[in-house]
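Subject: Structure handover

Hi,

Here is the structure I promised to pass on to you.

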Amino acid sequence: MKQILIVEDEAIIRTALRRLLERHGHSVSEAGSVGEAVANFTLGDFQLIIADLRLPGAPGTDIIDRCGEVPVLIMTSYASVRSAVDSMKMGAVDYIAKPFDHDDMVMTVQRILKQRNLALHNEVLKSELSRAYPIEGIIGTCPAMQEVFARIQKVAPADTTVLILGESGTGKELVARAVHEHSARRNAPIITVNCAAIPEGLIESELFGHEKGAFTGAVESHRGLVEAADGGTLFLDEIGELPLEAQARLLRVLQEGEIRRVGSTQSRKANIRLVAATHRNLQKRVNDGRFRNDLYFRLHVMEIALPPLRDRGDDIEELARVLLDKTCHRLNRPPMQISAEAVERIRRYPWPGNVRELENVLERAVILSEGDTVSADLLPLECAATTVPTEAAPPDNLSLDEYFVRFVREHEMQMTETELAKQLGVSRKTLWERRQKLGIPRKRSPVS
Ligand SMILES: Nc1ncnc2c1ncn2[C@@H]1O[C@H](COP(=O)(O)OP(=O)(O)OP(=O)(O)O)[C@@H](O)[C@H]1O
C-alpha cells in the first residue's frame, strides 16, 4: 500500500513531485483528476493526499469529503490567499503555493504525517484507556485483579482504614488513589508519605508536625503531613517501616481523631482516613516486636492484596501493550508493536520489580529501538531489575547483586543512606528496596 497520493493533471509536475517524495523515503501513487483518484484507489488507505486545486473536472478540494480522515494538502497555482483560505475552510489540512520550494514541500509533508501519527496514536490511547477496566487507570482482567477491583468498590465508600498488601511495584499507590477517588473524600487532598524514604529521626515531625523549639533546629513550628490530610486521605506507603514511637502517635490519631505535634502538650482534632500499604508480613513484624499489635489490628480490618505481576496470566501482555503505547506517547514517538518473540520473553520473565519494572524495561526499549517494533533483543531481562552502579563496574566474577551487597557492607558505616544511594547511582528508595530484597536491611547506625 502506498503512503501518499498525488492528484495533479500536469504530468511533469506530478512526476517531479513523486520523485522528490520517493527520494525522501515515501511511497507514492498518482492520479490526474479527482475522478481518476476515486476510480483507481481506496482513498482512505492513504496517509496523505496532495491535490492540485485546479484540475479538469472537479476541483482538488472535492476529494476532502471523499477520503474520510486522510489529511489533504492543497496546491494552489497562484498564491491566492482567497483560494488557500477557502481550501482550509473546506477541511484541507494545509496548502502550498506553486511553484513550490522542494524543502518546503518535504517539510510540510513530514509535519503532516507526523501530526497524523500522533493523532491516531491519541485515538488508540483514548480507546484503550476508556476500555472497561472497572477502576480507571488500573489495567487487569485476571481473577485476582477482579477481586482487587471488587474490594476497592466495596471498601472505598466505607471510610474505614484500608491495608494494601503486595510486592514492590504491583500498583499499591494506584490502588490507594483509587480508594480515595471512589470515596466521599475525593474532593479533599490525598497526602502520600513513603515511610521508608524519610530518615527515622525526622519521621515523627514530618508526619505529626512540631512546635518551635521542640528539638535543635526546630526554629519554626511546623504543620505535619497528617494535619495536611485533614478532611482527606493519608496514604502511608511502607507502613511496616514506621518506628514504634511514630506508630503510637498514629494510633492516637486513629483512635481519638487527635494529633499531638512533637514538643506540644496540646492536641488538635484531625479527621483523616488512613490507607496504608506494605510489602511486608506485618504479623511477623508484630511477632518480632517491631510493629504494634494494636495498630496492626486497626489496619487489618480491610485488606486489599495485589498479586505479583508474574501471577496475572494474560494481563502481562495487555499491560505491556498499553504501557508501551503510553511510553511512546510520552516520548513523542510513533506507536510501536511488540514482536512475538519479545512477548514470549515478557511472559516468561518473573518480574521481581513487577509493573514498575515492566514500565522501565519498555521505556528503555523505546529509547533504544530504531524501528517500530520492540524486539526480544531490546529486552535484556536477565539484568533488567538491576541498576548498574555509576561509581564502578563490578568485577567480572561478581554478579551485580553480589557487588551491591559488598559495596553496601563495606561503606554503610561511613556513609549516610543518601551518600550510599548516590554512589550506587540509585534513588534512596531503590537502595532501601534492594536492601530488603537482598537481605541486608539498614543497620540503625548513627549516620543518615
Ligand atoms: N494494574 C496496573 N495498570 C496500570 N499501571 C499500573 C498497574 N499497576 C501498576 N502500574 C504502574 O506501575 C508503577 C508502579 O505502581 P505503584 O507505584 O502504584 O506501585 P507500588 O506497589 O506502590 O510500588 P512501591 O511498593 O515500590 O511503592 C506506576 O507507574 C503505576 O502507574
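To begin with the sheet: how many bridges join strand β6 to strand β11, and do they run parallel or antiparallel? Four bridges join β6 (residues 162–165) to β11 (residues 273–278), and the two strands run parallel. Two strands are said to pair if DSSP finds at least two bridges between them. Helices (H or I, at least four residues) and strands (E, at least two) are DSSP runs, numbered from the N terminus.

Before the rest, two words on the basis. Residues are numbered from 1 along each chain as its sequence is written. The model is predicted: local features need pLDDT of at least 70, side-chain atom pairs count only at pLDDT 80 or more, and totals for chains, interfaces and linings use all residues.

Next, the ligand. It is surrounded by 17 residues, the closest being I139, G171, K172, E173 and V355; a residue counts as near if its C-beta atom, placed from the backbone, lies within 6 Å. α6 (172–181) and α14 (354–368) are the elements that give two or more residues to this shell. By type, the shell divides into five nonpolar, seven polar and five charged residues (Ala, Val, Leu, Ile, Met, Phe, Trp, Tyr, Cys and Pro count as nonpolar, Asp, Glu, Lys and Arg as charged, and the others, Gly among them, as polar). The ligand lies between domain 2 (143–305) and domain 3 (309–378), because both give residues to the shell; the domain bounds come from an automatic or database domain assignment.

On helix packing, the axes of α7 (residues 200–208) and α9 (residues 244–256) come within 9 Å and cross at roughly 15 degrees. That makes α7 roughly parallel to α9 (angles under 35 degrees count as roughly parallel, over 145 as roughly antiparallel, 65 to 115 as roughly perpendicular and the rest as oblique). Axes are lines fitted to C-alpha atoms, for helices over the stretch in contact, and angles run from 0 to 180 degrees between N-to-C directions.

Finally, two backbone details. K98 and P99 are joined by a cis peptide bond, with omega about -5 degrees; P99 lies in the loop between β5 (94–97) and α4 (102–129). E238 is not a glycine, yet has a positive phi of about 55 degrees, and lies in the loop between β8 (233–237) and α9.

Best wishes
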